Amino acid sequence: MSDVSLKEAYIDKTRRDFLKKAGAGVTTLALASGVTLMAYPEPALARKQEEMVDPSQRWGLLIDVNKCTEDCDACVTACSVENGWKLDGNPAVDAQWIRKLKIKNPRSGHEQTFPVMCQHCAKPPCVDVCPTGASFKRADGIVLVDKHICIGCRYCMMACPYKARSFVHEPLEEQKSHAPRGKGTVESCTLCVHRVDRGDKPACVEKCASDGHGALIFGDLNDDNSEISKRIATYATKQIRADLGLDTGVRYQNL
Amino acid sequence: MAKQRITYSQIGTGTGFYSVLALLGAFIAAGAAAFLYVEHHGHIVTGMTNQIVWGIPHVFAIFLIVAASGALNVASIGSVFNKTAYKPLSRMSGVLAMALLAGGLAVLLLDLGRPDRMIVAITTYNFKSIFAWNIILYSGFMAIVGAYLYVQMAKGLDKYKKPMGIAAFIWRLALTTGTGSIFGWLVARQGYDAAIMAPLFIAMSLSFGMACFILVVKYTGKATERPLGTQMTWRMGRLMGVMAAAVLYFTTVRHLGNLYAAEHADVEQFILFGGNVYSKLFWIGQVLIGGIVPLALVFTPHRGESSSRVTLAALLIILGGFAQLYVIIVGGQAFPLIMFPGMEVSSSFQDGVVGTYVPSLPEFALGLGGVAIAMLITVFATMTFKLLPKDISDAALDPHLAAKAK
Ligand code: SF4
Ligand code: SF4
């Protein structure tokens, strides 16, 4: 089944379920303006997946800044293709789940570039402030937005120290079934949760490696034998704004 | 002295009255149209972006919510602090408080990315979220002020007036603390992260709320031929002045504190001395128009025959209040997040760049629609219930006031 028809099948199912439940007395209010208010009693897709999550794991990324080259944006493109968002020439409102950042030391002139995405904080401020609980952290450390209960208040965007989140400002087309998005909701890097759950690596990590840079390492921070843990144990690594004490799942080497 | 009986009455209807309703209706219709327009096209048609995520609607919403709790001032002074002259006005104060809150919440909810999920917002709580707590605080405020109004208007419930008044008083302090904390708890934002936000918001609420109350009661009195006593207006005006002075005081403390904290120094420079729209709004809008001028208006000697200076001061305080909230809300976001202190940062996502925000017409329409909703509720309530005494002259409110005027 193609992505689109999968999506439709899913929407159809939610709709059927909803109607069933509506019949059984779920709150549905029709306002004079024609706006329908409805409660979504159904646990959303993301929540169902949560049941399969192994809480002993903590997924993370290690980004070796020295291996990241300035003119490369393979990780950004890979993410955009994988998850169906794109830059549309309006950087103020277009979604960007991952972006290349350039920093320059004004004294030495030394420059570095590297990707920044949701840092998958262990103590995520976005989750703390979200009024509905749409922002949530899976047991394995991946921070996600449940698009079915996000009301689009953008408080999480105010709270995130890394500007990791985007608000969907326009109606969308051509969505990917594994990465549901919706106008009026907030989104950010999912660490390619759909791939991770089937045992693959995030798209950015795979592409960076196949392009020969290998600047991104994905793995389980809780497993002492994983490559990422070994590297973090051996080399000096950093968290962006470590002073906030959020214990990010994304770490940087040579930054 | 025998206790005077106060008789309350609904406000009547007349042509002037219908033109007010028509005007408010037009603003509400414009707000509704703006809502449907944004709902259809997405927030792309507003000036808000991924950097300035809260804009004009939030300025209006937060103004109204903050003013709501302050509008309850008069009722609290009457019942909690036992000031006789204020008691006859306390019903109006309660109604205005509820109306302002309703208007503010309407704007807040209609600006959501998914306004169709309002029920989710009210039924699914994340108890760690200060935002969710605010929703509880708002609903509670409505219930408590509603009950407070009821015991005031129903017969034979006099003994509950005081406890209900105290409950409403405490609740509204919590409400404003909660609203201030929405910003105070944002550790990531250099502009907001300060505990001083809570007392600042309380002072703002007292001052803005009093300003709204004075204007509404004065106008209603005028329109229904029961003019508000001049001495009473001055008394409320000076009280408003004290609150406005408190706002200036907390503002000074906040900015001085921030200037000395290395982490906040950059954003302070930007807001206070950046030569941008925010620094202009701060110095001219908030400090001069919304602070110094109204203080001068209410605290310089007057001969007491007219209270139009108080009216002007109230108007200026409201304008200054909008300027202040704009600087806090939009200015705080426009300044780029500091992820790498001391480094120059750039990206395709406007990192390290001061965010630009050009508010759009629908945003203003939505915000003004909220104000109109608040006013319309007030008008309907004063039509339906006996809220305002038939006589609100100085002599009727408090014989001492009238004596003073002579
Ligand atoms: S980086 Fe931002 S969006 Fe991601 S978990 Fe941390 S606070 Fe939330
Ligand atoms: S925008 Fe959505 S995810 Fe973010 S805080 Fe609001 S409800 Fe939660």
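How many salt bridges are there over all chains? The count comes to 18 salt bridges, a salt bridge being a side-chain nitrogen of Lys or Arg within 4 Å of a carboxyl oxygen of Asp or Glu. The model is a predicted one, in which local features need pLDDT of at least 70 and side-chain atom pairs count only at pLDDT 80 or more, while totals for chains, interfaces and linings use all residues. Residues are numbered from 1 along each chain as its sequence is written, chains are lettered from A and ligands numbered from 1 in the order in which they are written, and side-chain values use heavy atoms, with hydrogens and water left out.

One of these pairs joins A:R231 to A:D64, with 3.9 Å from N to O. A:R231 belongs to helix 8 (residues 227-234) of chain A and A:D64 to strand 3 (residues 59-64) of chain A, so the pair ties together parts that are 167 residues apart in sequence. Helices (H or I, at least four residues) and strands (E, at least two) are DSSP runs, numbered from the N terminus.

Next comes the meeting of the two chains. Here 58 residues of chain B are in contact with 59 residues of chain A, contact meaning heavy atoms within 4.5 Å. About 5200 Å² is buried between chain B and chain A, with carbon and sulfur atoms giving 60%; buried area is the accessible area (1.4 Å probe) that two parts lose on being put together, summed over both. The rule finds 3 salt bridges across this interface. B:K128 also forms a salt bridge with A:D128, where the closest N and O atoms are 3.0 Å apart.

Within chain B, helix 4 (residues 90-110) packs against helix 6 (residues 130-153) at an angle of about 155°, their axes 10 Å apart. Axes are lines fitted to C-alpha atoms, for helices over the stretch in contact, and angles run from 0 to 180 degrees between N-to-C directions. That angle makes helix 4 of chain B roughly antiparallel to helix 6 of chain B (under 35 degrees counts as roughly parallel, over 145 as roughly antiparallel, 65 to 115 as roughly perpendicular and the rest as oblique). Among the residues making the contact are B:G94 and B:M98 of helix 4 of chain B, and B:F141 and B:V145 of helix 6 of chain B.

Helix 8 (residues 197-223) of chain B and helix 12 (residues 308-334) of chain B pack at about 140°, with axes 9 Å apart. Helix 8 of chain B is therefore oblique to helix 12 of chain B.
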